[in-house]
Amino acid sequence: MNAVKIGMTIEEAAECTGIGRNTMRKLVDWGKLPVLKVGRKTIIRRDTLERFMTVNSISAILILTRSKR
């Protein structure tokens, strides 16, 4: 069965996005990326991560566009 996981660890999220593990941990610590804590395990929902990436991609494009004016 090849079910898609709806949650992933910080390490899995870092690998999936290309963001470093330490940076991913900082985003969680700073409250920029909401997570679910299960015992000692930190779980990031896939849809939350996708939304975070989309919103921040758009923000980066807007900043780059404004700086070229």
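**Exercise 1. Work out the handedness of the α1–α2 crossing, and say which residues make the contact.**

Step 1. The crossing of α1 and α2 is right-handed; that label applies if the near helix is turned clockwise from the far one by less than a right angle, and left-handed if anticlockwise. We're on a predicted model here, where local features need pLDDT of at least 70, side-chain atom pairs count only at pLDDT 80 or more, and totals for chains, interfaces and linings use all residues. Residues are numbered from 1 along each chain as its sequence is written, and side-chain values use heavy atoms, with hydrogens and water left out.

Step 2. Now the geometry: the axes of α1 (residues 10–17) and α2 (residues 21–29) come within 9 Å and cross at roughly 115 degrees. Axes are lines fitted to C-alpha atoms, for helices over the stretch in contact, with angles from 0 to 180 degrees between N-to-C directions. Helices are DSSP runs (H or I, at least four residues) and strands likewise (E, at least two), numbered from the N terminus.

Step 3. On the α1 side, I10, E11, A13, A14 and T17 make the contact (heavy atoms within 4.5 Å); α2 brings R21, M24, R25 and V28. By type, that's five nonpolar, one polar and three charged. Ala, Val, Leu, Ile, Met, Phe, Trp, Tyr, Cys and Pro count as nonpolar, Asp, Glu, Lys and Arg as charged, and the others, Gly among them, as polar.

**Exercise 2. Find the buried residues of α1 and say where they sit around the axis.**

Step 1. I10, A13 and A14 are the ones to pick; buried means under 20% relative accessible area, exposed over 50%, partly exposed in between (1.4 Å probe, protein chains only).

Step 2. They cover an arc of only 100 degrees, so they lie on the same side of α1. The arc is that of the directions from the helix axis to the C-beta atoms.

Step 3. Zoom in on A13: it counts as buried because its relative accessibility is 0%. Beyond its neighbours within four places in sequence, A13 touches M8, M24, I44 and L49.
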